[in-house]
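Here is a friendly walk through one model. Have the viewer open and follow along.

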Amino acid sequence: MPEKVHTKFGDQAGQSVAQSTVNTSSYKSSSQYAKVAGKSNDLKRSRDGNPKATANTKPDQPPTNTPNTKKQRTNFEPHGRPNATSLPATTARTQKNSGHLGQQRSSLGKGTTQAGHTQKSKSTNANIQRALKKTAQELEELRKNLPIWSKKADIRWALRNNDVLLLNGETGSGKSTQTPQFLYNEPWCKKQTVKITNEEGREEDVSVGGMIAITEPRRVAAITLARRVAMEMGSYLGKEKTPGSVGYSVRFDSVTPLGMKIKFVTEGMLLQEMLRDPHLRQYSAVIVDEIHERSVDVDLIAGFLRQLVHGSKKGRGGIPLKVVIMSATMDLGGLETFFAKPGFHFKYKPGKNHGQDLFGVLDHLKSKNAQGDSGSGSSPSSSPGSGSTEAYSSWEGISSSDESDSKDKEKTPITNGSRVKDITGDSPSMEDIKESRIGLFDGDVAESGVAVEYVEGRQHDVKVWYETKPSADYLHNVLQTILRLHISEPLPGDILAFLTGQEEIETLQAQLEQYASQLTKAVPRMKIMPLYGSLSAQAQQEVFEKVKETRTRKVVLATNIAETSVTVSGVRFVIDCGKSKVKQYRPRLGMESLLAKPISKTSAIQRAGRAGREAPGKCYRIYTPEDFARLEADQLPEILRSDVVEAVLKMKARGVDDVLSFPLMDSPDVVAMEKALVQLHSMGAIDDHGTLTETGKNISAFPLPAAFGRVLVAAAESDCVLEAIDVISCLTTDSEIFIQAKSEADQESIEEHRKDLQHRQGDILTYLNTMQRYAAENSNRNDWCKKRLVSVRAMKMALAIRKQLRQICHKQKLLAEMPPQDPQPVDPISEERAEVVIKSFLKAFAIKTAVLGPDGAYYTSVGRNIIAIHPSSVMFGKKVEAIMFLDHVFTAKSYAKKVSFIQANWIVGALGI
Ligand SMILES: Nc1ncnc2c1ncn2[C@@H]1O[C@H](COP(=O)(O)OP(=O)(O)OP(=O)(O)O)[C@@H](O)[C@H]1O
């Protein structure tokens, strides 16, 4: 084992010497060190070999001691401590009030003198600042217990010496919340004014850097992490342009305080920013979190970042962009080779990364196991996964002998399942990964240009339990597990159950609520809270808060939106059904559908990681160890299973001429790329030479899927852009605007309530009616919504999106002038105009059409597959000659959602056949 040398350096960049833990294996020889010191930003090694600031850096604050985690853990009090949503009472009050800072200021003005006003608002501000600081101080104690805390200096050191850092740390080790805080004060993170040569060939001064962007796969993670980090930094995060260090930007919602240093963004938003600012001049660093999720967007971001790191830096005035790639579970070999300096070759094959054991980690494990060294001392045959997969044959810590474990078993007679000691046993251990990589450097100047840091350990253990027998009805088992946990486990201890989608969640919620109503007084109450993507942002945020009611257990029923990055407060028990819905391109249908499929091992590890964030936890996998062993190690990257049109359009918009040679970790096959180019050509987004057209530019400028961008461009040509915006605003909210019926009786009453909105020609015109009438309402819009069982929150969001889309269309000259302010009188749409609107949608959705067959079933135009109209559509049960649908789901059968009536002969023209 490499010897460890403990060294420390500054907490604040440029502020002298503190200490850190440096792995001596990183420092091959003193001559190597000398080379490093020469290159690094004003850092020299002190006599004992530690990194040290030179004279031009300021004296440091006292050294940060590496925390004695064990000791602190013993003293750790998990209950009643502050978190993102439960502040100490004073702080909570002040944060709440501070959200209305502006209102407070204006109301204070009444009846007071200007001086009195200023005085009062000054003291309010001072109170807020004090409360924020107090919370931050309290949270700092918790932060110091995180495993990543002791790696602070290593991480800083690695980035002072390299432009790219791969940070591999277990779930809950503190990557997402701490890494940006370790870096924002680094010397390379200062805003600088530099000279660049602009497109006209003239020199100009521009600012570069000063901010760190951190990408998250989902908006809910971006928002909750921004809130948490703002609290940890004692910074205000409000809607107004007040000063603050932390902000976030997600689609149709952003909070960007003045002087912001750390910005949490969704991957899509960073890509949008790259369209406007290809050199990412605002940023000194981009941190890509949860890279293992491998969405199309994150793959594109990785490709663009690689170009920025290794390409010309002229656009940034020569200032490098630092890149940090993070995940608990990542294909290190592939990423290291992907980001390595051009010409530095491992076993990497461009575009063929997924599933490759590029560093031979698995070979290493195999040989280790062959020598009888399982690393745990337990016999491989007692492992839940033994013999089933070579890759994961090193599971550790399997034991049922220790005392606390047997108590657990008695206390929780949920399954007779075997269990592994903690979730690190699910995958090759950090040691295994590290050992297999000896010879490459952690930290200092890496030959490949890519530094690698490992954060070992997590704050609290998570025990994993399995089913003993496979079950055909996992939903039933999830229900039983929740009920048994609720009855047998003492409070506190909330439950988070992973299910595949909204329908399943609603079914289980109804069942659980029925059981909950029958519980005796002796048993705590249950509060069932759904969490899925189309739920309103506010409803999603409520899930993250601590339950206010006493003697109540929160039971969160979530899709995989809660799988990574997030901390759901209070959760000690995770139930994993082993499946999730994934988007998959189905060439036979010529479209993407959502399919429920087994998750990957990586997802299972992430799900388990949601327990044990505030205290030790347990994860119940509703499948057997053998099922687990059969799971794929990682999910297939989205780019390899989806329609690549969006990806190709984004590349084109970002100036990539030759998309076939764009650096991708995994390239879709050439045929799929070529098909996407043909589709973009038929949309008019690229011309015969493959160059992005004005239409293409317009489409890619919208923060919308390409198809909706295409609709807007088509609508502009037919002069119905306002109507198209009204429809698209309703379709792109976070949550469904129409509250769904839970029973047939409900459905009837809904139809009665929405009579004035429903259009016989289908859902598109129903959405149009809804937005037009809502915007025209001049008395009480909330009452208007309630009467029609329309979501108040979703409509508010739709109205905000409508405003933004109108502005973009105006700016892009798709809309000649901005329409007058609401409310405006509205007339029912004429037949002719309705046809024009539907035809605008058809321009982008021609492949999502179906014609009525002689047997009364609908057959898709592409692929001739049977498809049924989903019960949520106003067209449900209707037989018309042809339909167009905007969504497709595959559950018990193939369903068309958001359906409109069309004439069959329109399809021919729209498909160009
Ligand atoms: N919103 C929050 N409320 C309460 N505690 C939080 C919150 N966010 C983070 N924490 C605490 O900070 C710890 C570290 O969280 P962080 O998200 O930084 O870890 P991570 O290593 O990025 O984990 P993952 O890979 O699972 O996203 C959590 O385990 C939890 O104890």
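**A buried loop residue, and what lies around it**

Val566 counts as buried because it has 27 C-beta neighbours inside 10 Å; a residue is called buried with 20 or more other C-beta atoms within 10 Å of its own, exposed with 12 or fewer, and partly exposed in between, with C-beta atoms placed from the backbone. This is a predicted model, in which local features need pLDDT of at least 70 and side-chain atom pairs count only at pLDDT 80 or more, while totals for chains, interfaces and linings use all residues. Residues are numbered from 1 along each chain as its sequence is written.

**Around Val566**
- Val566 sits in the loop between β19 (552–558) and β20 (571–576); helices (H or I, at least four residues) and strands (E, at least two) are DSSP runs numbered from the N terminus.
- Setting aside neighbours within four places in sequence, Val566 is in contact with Val220, Ala221 and Thr224, where contact means that C-beta atoms, placed from the backbone, lie within 7 Å.
- Gly609 is 43 residues from Val566 along the chain, and their C-alpha atoms are separated by 9.7 Å.

**The whole chain**
- The protein chain has 30 helices and 28 strands.
- Of its 913 residues, 48% are buried.
- Among contacts between residues at least 6 apart in sequence, 73% join residues at least 24 apart.

- Not counting residues up to four places away in sequence, Leu712 touches Phe702, Val721, Ala724, Cys809 and Leu814.
- Helix α24 (residues 721–731) is largely enclosed by the rest of the structure, because 10 of its 11 residues are buried.
- Val721 and Ala724 are among the buried residues of α24.
- The cover over the buried residues of α24 includes α23 (706–717), α26 (763–776), α28 (792–811), α29 (831–845) and β27 (882–890).

**Helices α20 and α22**
- The axes of α20 (residues 645–653) and α22 (residues 694–701) come within 10 Å and cross at roughly 110°.
- The two helices, α20 and α22, are therefore roughly perpendicular to each other, a label for angles of 65 to 115 degrees.
- Leu649, Lys650, Lys652 and Ala653 of α20 make this contact with Gly696, Lys697, Ile699 and Ser700 of α22.

Key
Axes fitted to C-alpha atoms, helices over the stretch in contact; angles between N-to-C directions. Parallel < 35°, antiparallel > 145°, perpendicular 65-115°, else oblique. Contact = placed C-beta atoms within 7 Å.
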